[in-house]
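Please look over the structure below before reading on. The questions after it take its parts in turn.

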Amino acid sequence: MPLLGKAAVAMWWNVPPEQRSEFGDWHSHEHFPERMSIQGFRRGSRWTSTLDDEGFFVLYELERYETLTSKGYLDRLNAPTSWSAKMMPHHLNMVRSQCRIYASFGGGVATSLVTIRLAPAGGTEAEMKTALVAALHELASKPGLTSAHLLITETPITSAPTMEQQIRGSDAAADWIILLSGYDPEVVQNVVADRFSSHALNRLGAEEKSIIGRYKLSFAVTPLDLIAMQMP
């Protein structure tokens with residue numbers, strides 16, 4: 001099974017060490033359940049950086065692109081709980097991309113994930129898409145790997161920043177995003193070094209600098225998990 005839906009919210013941020021314990025409690029026991037209760041949210045996963053002590057990556061998989069502008073989602077973004085309002089200022093260096101899922105192969109949730117933020121140089125978009133889709137399709141079923149995806153940011157037009165955004169301050173956004181996951185972190189790392197290094201992506205038509213993040217799974221949840229969690 002590929003990613004669960006046609007759209008996603010991909011987010012990167014840092015949390016100071018002194019806030020990590022409370023952040024994990026809030027994000028696991030209040031924030032994820034809140035998001036998974038919104039119609040159209042199919043799965044949420046949180047990943048901890050293996051490259052630094054503060055980095056996190058969070059992915060929400062959405063049933064359809066229109067979920068991004070649904071009343072249920074916007075209502076939550078504009079009415080954060082008191083605990084959310086307390087934690088949002090500690091989301092540092094936030095990058096938040098609202099995306100269409102362009103290609104998705106393999107599936108499930110493995111333990112190791114690499115995110116690659118890149119941007120096509122002018123005039124290379126079509127050729128890059130073709131090359132990346134072919135590569136991701138090939139890699140998803142390789143030993144040590146479980147899935148490979150291409151997300152493309154398409155920010156919905158909204159009238160004003162949401163309350164959560166106002167609390168955090170200005171969010172940056174990625175452009176194109178490659179996600180590569182697997183059960184063997186060494187294999188995942190070697191594939192990225194071989195096939196998706198900045199130099200390799202430049203040859204495909206990407207702009208000069210891509211940003212690679214490496215993560216291990218912290219927590220993942222679906223709406224069905226919420227039902228089970230609420231049972232006596």
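What follows is a set of questions and answers about this structure.

This is a predicted model, in which local features need pLDDT of at least 70, side-chain atom pairs count only at pLDDT 80 or more, and totals for chains, interfaces and linings use all residues. Residues are numbered from 1 along each chain as its sequence is written, and side-chain values use heavy atoms, with hydrogens and water left out.

Q: In what order do the 8 strands close into a barrel?
A: Helices (H or I, at least four residues) and strands (E, at least two) are DSSP runs, numbered from the N terminus. Two strands pair if DSSP finds at least two bridges between them. The pairing here is antiparallel, and the barrel order is 1-3-2-8-5-7-6-4.

Q: By what angle are neighbouring strands of this sheet turned against each other on average?
A: Axes are lines fitted to C-alpha atoms, for helices over the stretch in contact, and angles run from 0 to 180 degrees between N-to-C directions. For neighbouring strands of this sheet the direction is ignored, and the average is 30°.

Q: In strand 3, which residue is the bridge partner of G44?
A: Strand 2 and strand 3 form a hairpin with 5 residues between them. They pair in the antiparallel sense over 7 bridges. In strand 3, the partner of G44 is Y60.

Q: How many residues of strand 3 are buried?
A: Buried means under 20% relative accessible area, exposed over 50%, and partly exposed in between (1.4 Å probe, protein chains only). On one side of strand 3, G55, F57, L59 and E61 are buried, and on the other F56, V58, Y60 and L62 are buried. The count is 8 of its 8 residues.

Q: At about what angle does helix 1 run to strand 2?
A: Helix 1 spans residues 20-36 and lies across strand 1 (7-14), strand 2 (41-49), strand 3 (55-62) and strand 8 (211-221). Its angle to strand 2 is about 165°.

Q: Is R35 buried or exposed?
A: R35 lies in helix 1. Contact means heavy atoms within 4.5 Å, and, leaving aside neighbours within four places in sequence, R35 is in contact with F41, Y60, Y73, R76, L77 and E164. Its relative accessibility is 2%, so R35 counts as buried.

Q: Which residue in strand 7 stands opposite L145?
A: Strand 6 (residues 145-153) and strand 7 (residues 176-182) pair in the antiparallel sense over 7 bridges. Opposite L145 stands G182.

Q: Which residue caps the N-terminal end of helix 6?
A: The backbone nitrogen of E186 lies 3.0 Å from a side-chain oxygen of the capping residue. That residue is D184.

Q: How far apart are the closest N and O atoms of D75 and K71?
A: A salt bridge is a side-chain nitrogen of Lys or Arg within 4 Å of a carboxyl oxygen of Asp or Glu, and the structure holds 11 of them. D75 and K71 both lie in helix 2 (residues 71-77), 4 residues apart, about one turn of the helix. Their closest N and O atoms are 2.6 Å apart.

Q: How many residues apart are R100 and E154?
A: Their side chains meet in a salt bridge (2.8 Å, N to O). The pair links distant parts of the chain, with R100 in strand 4 (residues 92-106) and E154 in the loop between strand 6 and helix 5 (163-168), and the separation is 54 residues.

Q: Which residues do salt bridges that share partners join into one network?
A: The side chains of E164 and R168 meet in a salt bridge (3.8 Å, N to O). Both E164 and R168 are buried. The network consists of E34, R35, R76, E164, R168 and D171.

Methods. Polar contact = N/O pair within 3.5 Å; in protein donor to acceptor, adjacent residues only side chain to side chain.
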